[in-house]
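My entries follow the order in which I checked things.

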Amino acid sequence: MSVTTESANHGPGAPRPAPRANRLVSTRAGGEMVRNYWDNLFTARERGATVVWYNGAAINPILQAAGVEWCHGEAFGARLAAMHLEEPAQQEGEAYGYINELCSYARTTLGCALLTRKEASRRVEVDQAPGVPDKEVLAARLPPPDLFVNAYAGCSTGQQWDEISYRLFDKQLPFFKVSYPLLWGNKPDAGYLRGEEWDNASKYVAGQLYNLIEFLEHQTGNKFDWEGLRESMHYIKRAAQLRLDALELCKARPTPAVFWDWVASIAPINFLPGNQALVDYFQGVKTEIEQRLEQGVSALPNERYRLAFDGIMNWNKVGWLANKFAEHDAAVVCGRYTHNSFWHEPQLIDEDDPILGMAQHYLLCPFNHSAQNLAEQVLGDCETYGIEGIVFHATRTCRSATNGQLVLAKMAQQRGLQTMFFEGDVADESFYKDEILQSRLEAMLETIDVQRTRLS
Amino acid sequence: MEQAAEIEEIIGSLARIAECPSDYAADWESRTGGKVVGILPMNFPAEIVHAAGALPVIVQEDDAAISYGRSLLHEFYCGYTRSLVDQAATGKLACYDGIFLVDHCVALLGAVDAIRFELPDTPVFLAQFTASMDETTTRPQIAGRIGELRQRLEELCGEPITDDAIHRSIAAYNRNRGLLRRVYEMRRAGRIALSGRQMQALVKSAMVMDVEEHSARMARLLSLLEAQPPAPSAKVKLHLSGHFCHAPRPELFDMIESCDVTVVDDDIYTGYRFISTDVPDHADPVEALTGWYFARNNNVPCSTRAQKTVDWESYLGQALENTGAQGVIVLVPKFCEPHMLYYPELRKEFHRRGIPHLLIETEHEGLALEMLKTRVEALVEVIRRPAVIREPA
Amino acid sequence: MKSCVMGIDFGSTTAKAVILDLGGRMLASQVAHMGAVSGEGVAAAIAGALDAAGLAQADIGRTVATGYGRRMLDIADRNYTEITCHARGAVAMVPQARVVIDIGGQDSKVIAVDAQGLVMQFTMNDRCAAGTGKFFEVLARAMEIELEDMGALALQAQQSLKISSMCATFAETEVISLLAEGRSKADILGGVHAAVATRTVGLVGRVGRKGPIVMTGGVARNPAAVHYIEKALGEALILPEAPQIAGALGAALIGLDDYRREHREELEGDDALEAQMALDKACVPGCRGVPELAPPPATAPRGNAAALWKRIQSHL
Ligand code: SF4
C-alpha cells in the first residue's frame, strides 16, 4: 500500500510548530468502543445473527430489542472516510455507474454493498492481510444483510438510497421504510418543539415505529423485548443528559473542549447499544472537562475567537480541520451537527413508554428543519456560547445539510455574526479546497478583529 | 397545405404561452379576476386548484442566467431549483398569489425554503406527500394532505371548494390528458411527424394554461393531425428518458433530431410522464386524487418515489418494445440526486436487453451542443452499424 | 475504380491521415501537429500521406473523415464520429482488444468494442480538462517543465502524493503549494499522473472491463501515464506502435468497407482480394499491430499540399 499525505500544506517543510488542538483524552475510549462494535459486527454471520442494514435515524435501540444486529450504512461510510479507506468502495460505486456528484455517503455505502456481495459470492477469507488493513477488504467486510430498514429524515435521497440497496440485493430481502415530514412550518403556531404540525408529525412517526416493531417481529420470529427497549432508553437518556451537561460546560471562556471533540463522540451516541458502558463513557468525558475547568486547561493554547460550525461533518478532514482552526486560535465551540442532534432533548423520552420521544428525536434530525427552525436553534446556540462567527461547510454532495445554509447565514449576519463558507464533502475529499478555507477563514477572523475594535 | 399551416399556427401559439407563462397568467388574471397559484412538480393535483376557481401554473425553469439567486442556493443544486430561487430573487414570481407544492425532493425543499425567505408576503404551502408508496400508513397521509391543501386553498381563494367542483375539475383534466395522450399515440405509431420541440410545447402549455382553453386548442389540433397522411420515418428511432421534474431545453431536441433521429416516445415530465394517468373514478374526490398519486407511479415509475413493486427500468424496457425504439437517450439534470442514484439500475437493464443508450447530463448554464452531438451521432452509428459497416451477407 | 481509400482524423491539436489500398494494407500515414483545429494542419497531413504514398487526390476512391473538424472537410465523402473510428482503428491494430482508452488533447474516452471493432458502449469525460492532455499541459506549465519531459520525470517519483482536485485550475494551485512545501517535482508529477489514472479507471469502470485494454491517443506516448493507469487498473495496457493514428485508420477502414461493397462486382475477378474479403469481416486481414506499410509506387506525384490547402481553406 502506498503512503499518502492528507493534502497540500502539510509537509515536512512546514514552518514553526503551529498551535494544535488539545483534544480530550477521554474520547479515545469511545474510539475503542466503536472499533469493538464494528469488529463484532463483522463476525455477525459466523455467529448466526440476523443483520439489519439501516440508514438515517438512531433506531438501533429498536433493532436491539428485536434481537437483531444493526449496521448503520452512513456510519460505516463515515468511518471509511475518516480512516481514508473510502476509495475502493467509491471506485466500485463509480464502476457501477454512480456519478461523483451523487451523495458520497450513498456512493460509498452502495459501493460497500457491491463489495459485500462480491465477497459473499466468492466466500473469500477476509482476514488475510496481517498488519495493514487491506483497503478493499475493510470496505468489503460488512456482513450481508437479512433485512433493510430505512429511517432517513430530512433527505429524500436517504430514502431512495435504500430503495437501491434493496435492489442491489435483488429485491429479495424484507424492507421497511419510516417516513418523516420535514418540520416545515405552514402554520403560524409552528416552531421548534411546538405547534400542531409538530404534534401530528410526532404521532405519525410514532405510529410507523409501532409498525416497524411489528414488521421486525414478523420477519425475525422474535418476540419484541419491550423491557429491553425501556432499559436501553434509560441508559441512552442518561448518557444523552451527561453529554448535554458536558456541552454546557463549554460556555466557559476559554472553552475546555471544542466541536472536534464532540465529533469524536458522535459514533457512540449514534449507534452503540444503550448500556452502562455508554453512560460511563459520557461520564468520563464530562469529568475530564470538569477537571480541565478546575485546572484552567483549555482546548486551545490561546483561544482568540469563538466560532460555530454548520453543516455535516467532513469525515476525511476531522483532524486536519481541528488543527487548522487551532492554528488560527479559533475555537469552534458549537455546531449544528453535534449540538442539535443525537438525543439532544432527553426530557422528551418517557422511559416507561419511550416510542413517542424516540419518534420525536428522529424528527429532530438536524437536517429535517426549515431555515426558520434552524435559525431558532443555531442562532440560539451562538448566543449561549458567545459565538462571533459561523463557519458553514458547503457540503458538495449533501443537499440536505446545505439546505437553508445561505438563508441562515443571512439571518446570522442580521444579528451581527460573521459568516463564511468553505467547500468540502462528507466522504469525498476531492471537493475540499484548502486554499478556499484558508483565505476565507483568515478574512473572517480579520473582520472579527475589526469588529471588536469598533465595538470597544 | 392550409391544414399544415394551421397546425403550425396552433402549436406555435401554445409554444409562445409555454415560453412565458407569467404573461399568460397576468392576462388570465385580468380577464377573470381569479387567483393564480404557482405549483411545483411533480405530483401536484392541479385539479384542486382549478376547483378553487384559481389558475394552477406549474412554475417552469427559466432561461435567464442565475444572478441574485446565487446568494440563496448553492451552485451544486440542479438547474431547476436554482432557477426557481433566482426567479424569486429577481421578482419573476410576483405574478403568483401563492406557491404550493406536495413533493419533497431534497433540492426542491431547499429551494422553496429560500423562496419563502425571499418572498415573505407570498403564501408558500408544503403539503408533503410521503414518497414511500409501500407502507399502509401512506395512503391516509396523502388523503390528509390533500385535505389540508383544500383548506388552505379555500382560505386563499375565499370560497369553499365543493366536491362537485373537484369532480368537474377532474373530468376537465382527464379530458385534457386524454387529448394529449392521443397525440402521443400518433407519434408512437408514426402517424405524425411533430418535432420534440413541438411535442414539448403541447405538454408544457398544458402545465400553465387554463385547462378548458388548452383542451379546446388540442381538440382542433387533433382533428387536423388526424386528417394528415401518415409520416413514417426512416430515421433511427429513439426514446428520451429522464428529466422527471422539469423541461429539457428545446435546443437539445433540435440537436438530437439533427442527427438523423426521430424521437418516438419519452418518459420526461414535460412529456408522457405528465399525461400518463387519469384520476380514477371515486365518489369521494379526495380519495380519487389520492388514488391518482399511486396510480401515476404504477404507470410510469419515478425514481423520486420509493416503491418496491415497480421499476423504472422494466417500464422502459416495455416502452421500447411497444414503440420499437432502437435506443435511449437518458437526460440527467446535473446534480439530480434521485436520477443519479437510479441511473446504474437503468444501465444494467439496458445492457441486459442489449439496448444502446447514451447518458447526457444537462445544465442550466446550457450545453456544449457540439460535443454532445458527437455522442449522439456515435449512438446513431452504433445503432446503424450492421447496415453501414458489415459486409452484406 | 480507384485504388485506394483515405481516412482523416481532424483533431483538436493534431491532424492525421491514413491511406489504405483496397487490400487493406496501409500505404501511408501522416501526423501533423498544428495547435488548435487548423485547416493548415489537416492539409499538411493529407498532403503528407498522399506524397508518402506517391498518390494524388484523384487516386482516392473514398475518403472518410473523423474528429472534431470532420464536418468541415468537403473532400470527405462521409464522416463518422471519433468514437466509431477509434474503436475500429484500435481493434484493427490490436485484434484482441475489447476496451479502448483514448486520451487526446481535449477529451478522454473509453470505448468497449466487439471483435469486429464495433462500438458496444462508450463514455467520455465532461467538457472540462480533467484527465486529458490539456490537464497535463496546464500542470507542466505550472511546474515549468517541458510537456515531453513530464513522463520521464514522473516515473522517478519516490513517494506517492495525492492530488485530490481534478479541476485543472485547482490542481494547479495544489501543485504550486506542494512545490512551495519543498516536494520534489518528480513526486508531484507522480501524483498528477496517479490522479489522471484514477479518473481514467473510473471511465473504464463505467463501460466495464470486457477484455484486454488498448490505449490510443497522444497521451499513450507518455510512459508515466501508461504506468500509472496500468497500476490503477492492475493490468497491462496494450500499446500499438502508432497510437495516434487509430482514428484515421478506423475512418479509412470504414471507407474501405464502403468502397469495396460498392464495387463488389468489379472486385470479384480479383481472387486474392476475394479471399481476403471473405476472411475479413471488419478488420484488416492478417493484421498484427499496425498494418504494414506497402512500398510506395515508383511514380510519386508531388505538390499536393498547396492545392489541397486552398480547397480546405475555402470551407473553414
Ligand atoms: S427531482 Fe432532480 S431535477 Fe427535480 S428538483 Fe429534485 S434534484 Fe432537481
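**Entry: a salt bridge in chain A.** I started with A:D449 and A:R304, which form a salt bridge in this predicted model. Their closest N and O atoms are 2.8 Å apart. I noted the rule: a side-chain nitrogen of Lys or Arg lies within 4 Å of a carboxyl oxygen of Asp or Glu. The pair links distant parts of the chain, 145 residues apart. A:D449 sits in helix α19 (residues 434-455) of chain A. A:R304 sits in the loop between α12 (276-295) and β5 (305-310) of chain A. Helices (H or I, at least four residues) and strands (E, at least two) are DSSP runs, numbered from the N terminus.

**Entry: ground rules.** I number residues from 1 along each chain as its sequence is written, and chains are lettered from A and ligands numbered from 1 in the order in which they are written. The model is predicted, so local features need pLDDT of at least 70, side-chain atom pairs count only at pLDDT 80 or more, and totals for chains, interfaces and linings use all residues, while side-chain values use heavy atoms, with hydrogens and water left out.

**Entry: confidence in chain A.** I looked up pLDDT, the predictor's confidence in each residue, from 0 to 100. Chain A averages 91, and 93% of the residues score at least 70. Residues 1-15 of chain A stay under 50. The model still has 32 contacts for them beyond four places in sequence. Contact means heavy atoms within 4.5 Å. Residues 123-133 of chain A are also below 50, with eight contacts beyond near neighbours in sequence. Where pLDDT is low, the predicted coordinates should not be read in detail.

**Entry: chain B against chain A.** How many residues of chain B are in contact with chain A? I find 52 residues of chain B in contact with 52 residues of chain A. The two chains bury about 4,600 Å² between them, 57% of it on carbon and sulfur atoms. Buried area is the accessible area (1.4 Å probe) that two parts lose on being put together, summed over both. In chain B, the residues that lose the most area to chain A are B:F76, B:K308 and B:L341, together 16% of what that side buries. The rule finds four salt bridges across this interface. B:D134 forms a salt bridge with A:K177, with the closest N and O atoms 2.5 Å apart. With ten residues, α14(B) gives the most to the side of chain B that touches chain A.

**Entry: two domains in chain B.** The domain assignment, automatic or from a database, gives domain 1 (32-165) and domain 2 (167-390) of chain B. Their centres are 23 Å apart, taken over C-alpha atoms. The contact takes 45 residues from domain 1 and 44 residues from domain 2. The two domains bury about 4,000 Å² between them, 59% of it on carbon and sulfur atoms. B:M42, B:E47 and B:M133 supply 19% of the area that domain 1 buries against domain 2, more than any other three residues. I count four salt bridges between these domains.
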